[in-house]
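Please look over the model shown here.

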Amino acid sequence: MDYKTIIFEKNGNYATIKLNRPDKLNALNFDLFAELDDAIKQIVFDRDIYALILTGMGDKAFAAGADIMELHKSDDISGKQFSEIGSKVMLRLEQLRIPVIAAINGFALGGGLELALSCHIRFASDKAKMGQPEVNLGIIPGYGATQRLPRLVGKSKAMELIISAKTIDAQTALSIGLVNEVFPHEQLMDKTIEFVNLVLSKGPLAVMAAVDCIDMSDKLSLVEGLAYESKVFGDVCGTEDFKEGTLAFLEKRPAIFIGK
Ligand code: COA
């Protein structure tokens, strides 16, 4: 598939997806979702990709939401489909077993913030602005913010943001736990890559197992989650990387992980 609305790059053991409609502030249209979905499928089958960074092209936006030109045509039937199309792609992104990091380089509004919410970690530029402005348009968030935002920042803050449609800056987002860290705008990608390289230096199977268990934490009860963690813990104890990691510690040397 030839991509027009995203740029998909592999750099060593990580991939970067750049949303590529800068003249429309990277608004998420049907073509973009189809291309994003295709790239996610490629990542699932690529055994050499151990992390993914998602960001926006241009200096202004991560993504300014669902494409309002397309959205405007919706009625009660097609509106449900409109929501399901984006929501499914974001769920697939969240369910990737490699760490997925949003580098929020500007506006992340509506569906743009929801896309960032479906990533595992969010780093923001100090110029980023975030919000769920859907009620301004007479709709509600349709790509998961009513579900993921309360899980991340608590029900009350999510309620405040969604029903007021207010836009918050990066520092405010940091203070409520919406983003993990804020970096000076021009350093955002370098700092994000630095973090990715730190993660890539760890046992890759262990990192994927941790992503899996943490992702399951809001889908299982505590008792089920603990049982799930023990099972996955056992699985990683059966890997060569585990033997190497523990032996390297005992021999006081850096571990050399092979992903097996
Ligand atoms: N869907 C479609 N097009 C969008 C868009 C969206 N969500 N957000 C921005 N654009 C387009 C604008 O229509 C404009 O296109 P044009 O140059 O062809 O007219 C272009 O992107 C630049 O946006 P503009 O509004 O001129 O930039 P700005 O700096 O004045 O304002 C925002 C930036 C983000 C405040 C403003 O674009 C905005 O409010 N966007 C919509 C946000 C939103 O409601 N998202 C939720 C959608 S469900």
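## A buried asparagine

Asn105 counts as buried, with a relative accessibility of 7%. Buried here means under 20% relative accessible area, exposed means over 50%, and partly exposed lies in between (1.4 Å probe, protein chains only). This is a predicted model: local features need pLDDT of at least 70, side-chain atom pairs count only at pLDDT 80 or more, and totals for chains, interfaces and linings use all residues. Residues are numbered from 1 along each chain as its sequence is written, and side-chain values use heavy atoms, with hydrogens and water left out.

Asn105 sits in the loop between strand 5 and strand 6 (107-109). Helices (H or I, at least four residues) and strands (E, at least two) are DSSP runs, numbered from the N terminus. The side chain of Asn105 has a polar atom 3.2 Å from the backbone oxygen of Gly58. It also reaches the backbone nitrogen of Phe62, at 3.5 Å. A polar contact is a pair of N or O atoms within 3.5 Å; within protein, one must be able to donate a hydrogen and the other to accept it, and residues adjacent in sequence count only if both atoms are side-chain atoms.

Which residues does Asn105 contact, leaving aside its neighbours within four places in sequence? They are Thr55, Gly56, Gly58, Asp59, Lys60, Ala61, Phe62, Ser125, His185 and Leu188. Contact means heavy atoms within 4.5 Å.

## The ligand site

There are 13 residues around the ligand, and Lys24, Lys60, Ala64, Ala66 and Ile68 come nearest. A residue is near a molecule if one of its heavy atoms lies within 4 Å of it.

| Residue and atom | Ligand atom | Distance |
|---|---|---|
| Lys60, polar side-chain atom | oxygen | 2.6 Å |
| Ala66, backbone N or O atom | nitrogen | 2.9 Å |
| Ile68, polar backbone atom | nitrogen | 2.9 Å |

Six strands form an open sheet in the order 1-2-3-5-7-10, with mixed pairing. Strand 1 (6-11) and strand 10 (181-183) are at the edges; each has a single partner strand, so one side of each lacks a neighbour in the sheet. Neighbouring strands of this sheet are turned by 20 degrees against each other on average, direction ignored. Two strands pair if DSSP finds at least two bridges between them.

Strand 3 (residues 51-56) runs parallel to strand 5 (residues 100-104), and four bridges join them. Thr55 has Ala103 in strand 5 as its bridge partner. Helix 1 (residues 30-45) packs on the sheet and touches strand 1, strand 2 (14-19) and strand 3. Its direction makes about 15 degrees with that of strand 1. Axes are lines fitted to C-alpha atoms, for helices over the stretch in contact, and angles run from 0 to 180 degrees between N-to-C directions.

The other open sheet has four strands in the order 4-6-8-9, again with mixed pairing. Strand 4 (61-63) and strand 9 (168-169) are its edge strands, and each pairs on one side only. Strand 8 (residues 129-131) and strand 9 are antiparallel, over two bridges. Met130 has Ile168 in strand 9 as its bridge partner.

## Helix 11

Helix 11 (residues 240-250) buries Asp241, Glu244 and Ala248. Seen down the helix axis, these buried residues fall within an arc of 65 degrees, so they line one face. The arc is that of the directions from the helix axis to the C-beta atoms. The buried residues of helix 11 pack against helix 9 (204-216). On the other side, Lys243, Phe249 and Leu250 are exposed. Lys252 follows helix 11, and its phi is positive, near 55 degrees.
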